[in-house]
Amino acid sequence: MTMRLDYLSIFPGYFDVLDISLLGKAVDNGLVEVHAHDLRDWTHDRHRTVDDTPCGGGAGMVMKPDPWGEAFDGIIGIEPDPSVHVIFPTPSGIPFTQSAAQELSTVERVVFCCGRYEGIDHRVIDYARTMWTVHELSLGDYVLNGGEVAALAITEAVVRLIPGFMGNPESLAEESFSPGQERLLEYPLFTRPVSWRGMDVPEVLMSGHHGRIAEWRREESLLLTRDRRPDLTD
Ligand SMILES: COc1ccc2nc(C(=O)O)sc2c1
């Protein structure tokens, strides 16, 4: 399966980065197909206007619905198709989680709609919900300047879970938040040299005793999770 990823933004250059590193390899391997689009290509005035003042007053500008609607028509089509997943990164979205990444990694088509200014006219989201499967997602309790960085983060979290992307799928099994990890944070990691600036790798990890190593790692994960993310231990 090849996943098609589309990005709609007034800064499509943000997505040039998808040509490098592991994601670039996924493109080369035909696992993903990436298309970035400039929303201004669907404007018709000399200034290529995509925003206007908010109805009801208030600070800032709101993204006009017209360019989004025409872009949807051109990029996705005019027929409803629930197999297309449209993601609006937004501070008012539901928190993006590893399980959401897991679900999205099985989808064949994802379209990211990256807002700027104060946000997108809500009718755009309402329209999208009549046509496709829509997700309004937030990365966390902070606000970025637009949806592009969130779209990149979501992309990386999703694409790395596509079967065949990671050379060694076993490395996914022990990561923080991966299924079967009881929602525990990953234990501390060490590699050679065994001694570095007066600090040694924990002896148990050099013992070759797999049972004791597994026990040490689980204990470390439990301690770390209780300390940093008590909300995960409920
Ligand atoms: C205007 O579009 C925005 C603005 C801020 C923002 N912050 C996000 C976040 O996930 O933190 S997504 C997002 C989209």
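Which residues line the largest cavity? The lining consists of L5, I87, L104, V110, F112, T155 and V158. The coordinates are a predicted model, in which local features need pLDDT of at least 70 and side-chain atom pairs count only at pLDDT 80 or more, while totals for chains, interfaces and linings use all residues. Residues are numbered from 1 along each chain as its sequence is written, and side-chain values use heavy atoms, with hydrogens and water left out.

A cavity here is a set of points, on a 1 Å grid over the protein atoms alone, where a 1.4 Å probe fits but cannot get out; lining residues have an atom within 4 Å of a point. Grid points are joined across faces, edges and corners, and the volume is the space filled by probe spheres set on the points. The count comes to one cavity of 30 Å³ or more, and the largest cavity holds about 30 Å³ of space. Strand 6 (109–113) and helix 5 (148–159) each supply at least two residues of its lining; helices (H or I, at least four residues) and strands (E, at least two) are DSSP runs numbered from the N terminus. By class, the lining has six nonpolar residues, one polar and no charged. Ala, Val, Leu, Ile, Met, Phe, Trp, Tyr, Cys and Pro count as nonpolar, Asp, Glu, Lys and Arg as charged, and the others, Gly among them, as polar.

The ligand is surrounded by 14 residues, of which the closest are G115, R116, L139, Y142 and L144; a residue is near a molecule if one of its heavy atoms lies within 4 Å of it. Strand 5 (residues 84–95) gives the largest share of this shell, three residues. Seven residues of the shell are nonpolar, six polar and one charged.

At L144, a backbone N or O atom lies 3.1 Å from a nitrogen atom of the ligand. The ligand taken alone exposes 360 Å², and the protein buries 96% of that, with areas from the Shrake-Rupley method and a 1.4 Å probe.

Two backbone details remain. Y117, in the loop between strand 6 and helix 4 (122–131), has a positive phi of about 55° although it is not a glycine. A cis peptide bond with omega of about 5° joins R192 and P193.

Methods. A polar contact is a pair of N or O atoms within 3.5 Å; within protein, one must be able to donate a hydrogen and the other to accept it, and residues adjacent in sequence count only if both atoms are side-chain atoms. On a 1 Å grid over the protein atoms alone, a cavity is a set of points where a 1.4 Å probe fits but cannot get out, and a pocket is an open set with protein on both sides within 12 Å along at least five of seven lines; lining residues have an atom within 4 Å of a point.
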